Amino acid sequence: MRPARGTSTSSRTRRTALVAAGLVAALAAGASAAPAFAAPASTSSTPPASASAKATSGPDAEALAAALAGLPDHDATAALLRVGGDGRWRGTAGVRDVRTGAPALENARFRAGSVTKVVTAAIVLQLAAEGRIDLDGSVQRYLPGLLTEDFEPITVRQLLNYTSGLKPGASLGDTVEEGYAHRFETLTPRQVVAASVAQGPAYTPGTRQTYGNIHYTVLGLLVEKVTGDSYAHQAQVRIFRPLGMRHSSFPAAGDTGIHGPHNRGYDWIDGKLVDVTDWNMTDRFAAGDLVSTTADLERFLVALFRGRVVPEPQLGEMFTLPRVPDAHYGAALERIEVNGKVVWGKGGSRPGYTAAIAATRDLSRTLVYSVNSTDAKGDGQQAAAERFAFPAFNR
């Protein structure tokens, strides 16, 4: 990978030091105003093969490079991008650690948040293809005693497409600020679901679509009950190992770190830029506990859309919207239109990290990114999508 044009190694090093100094000052002093930021610590990219290819079918390389320019800044400390299909593009910018100013790692592992749901949906649909799960079978059938008599039958398909009518479960904090003090505590999936059940149903199953973690938390418990195995191990043997996703995993219960090379995550909390990398994500389970890399997720995305992970007709569930008002999710995947293109994908965020996978159905364009957003659980996820997804699907 080559450095961005017109940026020398020495000048990048000096600018990295300036950026790191400003961010460290924010970490130490907690200034209410944003610190001054310099140009990106490092960038690298592989643009489309030719100018004509770029003009007709490739991503907007100039816009993508501009999106990376200036990192780290107030909104993000690092970003990793992989665009594939008609015209490949790679980009890395920002810093690995604001205290040292070390350049961001291209192969960094990160918390993928709700991208996890696509892995969970794939496992459930594999089990359906094997005849071990009936998508029209009920939660009450597979997990007796989990729900009370207040609930009408909820099908596996309704969990997959977010129409189950379950209310949100327990949480250690609805915001990063609230959760930070509890970041080393453990909340089990069963506790999460029990808090949801105690509230009763939100609506009749299959009549509305309401996105939320609770649907996939229950699906994770379903996978464990049907297979007699842990969800994490099922993900390893069914998805990660067969696809060669060597850097993807689910942390052990209570494990707060990201193991292996990674860029540290930060969030603005009470006017201070705080390191939020170490955090117990046990409560997110099958809805948002995945640690991965952009290369691994690109491999998964392409294999999934090509039918190598989930066979037809089960794969069709991912691209089928339920017949309810304003539906825009199939099984895990969201249908969106970007610059006139129909794109299917999934984003996710955890404190300090936001990520996404997305592609056209024919794989003519794919996108995977990880952004170390400093407001990942607030406006950071949407801001990252606008900053990186739109240019990736611009042509």
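Visitor: Buried means under 20% relative accessible area, exposed over 50% and partly exposed in between (1.4 Å probe, protein chains only). Is G345 buried or exposed?

Guide: G345 is buried, with a relative accessible area of 8%. This is a predicted model, where local features need pLDDT of at least 70, side-chain atom pairs count only at pLDDT 80 or more, and totals for chains, interfaces and linings use all residues. Residues are numbered from 1 along each chain as its sequence is written, and side-chain values use heavy atoms, without hydrogens and water.

Visitor: Where does G345 lie?

Guide: In strand β9. Strands (E, at least two residues) and helices (H or I, at least four) are DSSP runs, numbered from the N terminus.

Visitor: What does G345 touch?

Guide: Leaving out residues up to four places away in sequence, G345 touches L333, E334, I357 and A358. Contact means heavy atoms within 4.5 Å. I357 is 12 residues from G345 along the chain, and their C-alpha atoms are separated by 5.4 Å.

Visitor: And which residue is the bridge partner of G345 in β10?

Guide: A358. Strands β9 and β10 pair in the antiparallel sense over seven bridges; two strands pair if DSSP finds at least two bridges between them.

Visitor: What sits between β9 and β10 in the hairpin?

Guide: Two residues separate the strands there, and G352 in this hairpin takes a positive phi near 85°.

Visitor: Back to A358. What stands opposite it in β11?

Guide: L367. Strand β10 covers residues 353–359 and strand β11 residues 365–373; six bridges join the two, and they run antiparallel. These strands form a hairpin too, with five residues between them, and L363 in that turn has a positive phi of about 65°.

Visitor: Which way do they point from β10?

Guide: Y353, A355, I357 and A359 point one way, while T354, A356 and A358 point the other way; all of them are buried. In a regular strand, side chains alternate between the two faces of the sheet.

Visitor: What does the whole sheet look like? Give me the order.

Guide: The sheet is open and has seven strands, ordered β3-β2-β1-β11-β10-β9-β8, with antiparallel pairing. At the edges stand β3 (102–103) and β8 (334–338); each has a single partner strand, so one side of each is left without a neighbour in the sheet.

Visitor: Change of topic: H215. Where is it?

Guide: H215 is in helix α9, which covers residues 213–227.

Visitor: Buried or exposed?

Guide: H215 is buried, with a relative accessible area of 1%.

Visitor: What does H215 touch?

Guide: With residues up to four places away in sequence not counted, H215 touches Q158, L159, Y162, T163, S164 and T210.

Visitor: Now the whole protein. How many helices and strands?

Guide: The protein has 13 helices and 11 strands. It has 395 residues, and buried residues make up 56% of them.

Visitor: What share of the contacts comes from residues 24 or more positions apart?

Guide: Among contacts in the protein with a separation of 6 or more, residues 24 or more positions apart account for 70%.
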